[in-house]
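Have a look at the model first, then read on.

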Amino acid sequence: MYNVFVLGLEYILSALIILLALRFMKKEGAYVALSTLIIASNLGVAKLFNLFGMEVTAANMSMGMAFVIYSIITEVYGKEEGRKAVWVGFFAQFAFVLLGLVYTSYSPSSNDFAQSYLSQVFAVTPRIAFASWTAFILSGYTAVWIHHALKGRTKLWLRNNAATKLGQILDNFIFVTIAFLGLVDLKTYIQIFLTTTVVEFFLDYIDTWVVYVGVKFLRDDGENFELFGPKSA
């Protein structure tokens, strides 16, 4: 039960990061929150813990919130701005990893204590890096496209859930396939894909309210805030 409590704490902090950034920095805050969550997720993904008999990473919640930001930006500013958010997130991730590799390339002094820890954090193989970045861009674009395509024809909660869930399925499928197919047996490959997807599906149901509040913060006077249904395309 302790891990459930910590997961709840990760959820609350991730939501607060998004909402506080949007409340006080508006659109620029969305990019700040997105970059923050993605960089934090790159660290957290190395942490594994048990949750109801499943082994999951500590970054499922914070990384899942990236899709929430895509929905918020696409809802308020449109598809092109949503795509821009994907590239902002990619740049933050790429720069973080690249600088980390540079930091660990320094020859450590005799008093250094961080080299071994940092080396493990930034030990990115080309295959894993390619899998992560390809999945990130393609799934982000897909989520933005789905949300935009459903705008004006569905309620906000429906298009948000459709975009985030399908985007996460694609993200998991691309990453697991490129990173692990051929390196592990088929049963393990399927287990990795299914457990990650199931956990993200469950967590995704409790982030819809963040989208509503985030959209309200960004829309002037809340005039077009769609609480009960679509009002405009």
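Buried here means under 20% relative accessible area, exposed means over 50%, and partly exposed is in between (1.4 Å probe, protein chains only). At 9% relative accessibility, F122 counts as buried.

A bit of bookkeeping: this is a predicted model, where local features need pLDDT of at least 70 and side-chain atom pairs count only at pLDDT 80 or more, while totals for chains, interfaces and linings use all residues. Residues are numbered from 1 along each chain as its sequence is written, and side-chain values use heavy atoms, with hydrogens and water left out.

**Aromatics**

Rings of Phe, Tyr and Trp (its six-membered ring) pair if their centres lie within 6.5 Å; planes under 30 degrees apart count as stacked, over 60 as edge-to-face and the rest as tilted.

| Pair | Type | Centre to centre | Angle between planes |
|---|---|---|---|
| F90 and W133 | edge-to-face | 6.0 Å | 85° |
| F96 and F122 | tilted | 5.2 Å | 50° |

F96 lies in helix α3 and F122 in the loop between α4 and α5, so their pair ties together parts 26 residues apart in sequence. F96 is buried too, with a relative accessible area of 19%, and F90 is buried at 18%. Ring pairs also link W87, F90, F94, W133 and Y141 into a cluster.

**Helices**

Helices are DSSP runs (H or I, at least four residues) and strands are too (E, at least two), numbered from the N terminus. The expected span of a helix is 1.5 Å times one less than its number of residues. Helix α2 (residues 60-77) reaches 26 Å from first C-alpha to last, close to the 26 Å expected. Since 15 of its 18 residues are buried, α2 is largely enclosed by the rest of the structure. After α2 comes G78, with a positive phi near 100°.

Helix α6 has 25 residues and spans 35 Å, close to the expected 36 Å. Which residues does N160 touch, not counting those up to four places away in sequence? With contact meaning heavy atoms within 4.5 Å, they are S71, H147, D207, T208 and V211. N160 is found in α6 and is buried, at 0% relative accessibility. K165 also has its place in α6, and at 10% it counts as buried. Beyond its neighbours within four places in sequence, K165 is in contact with F201, D204 and Y205.

Two strands pair if DSSP finds at least two bridges between them. Strands β1 (residues 48-51) and β2 (residues 54-57) run antiparallel, joined by 4 bridges. F49 has V56 as its bridge partner in β2.
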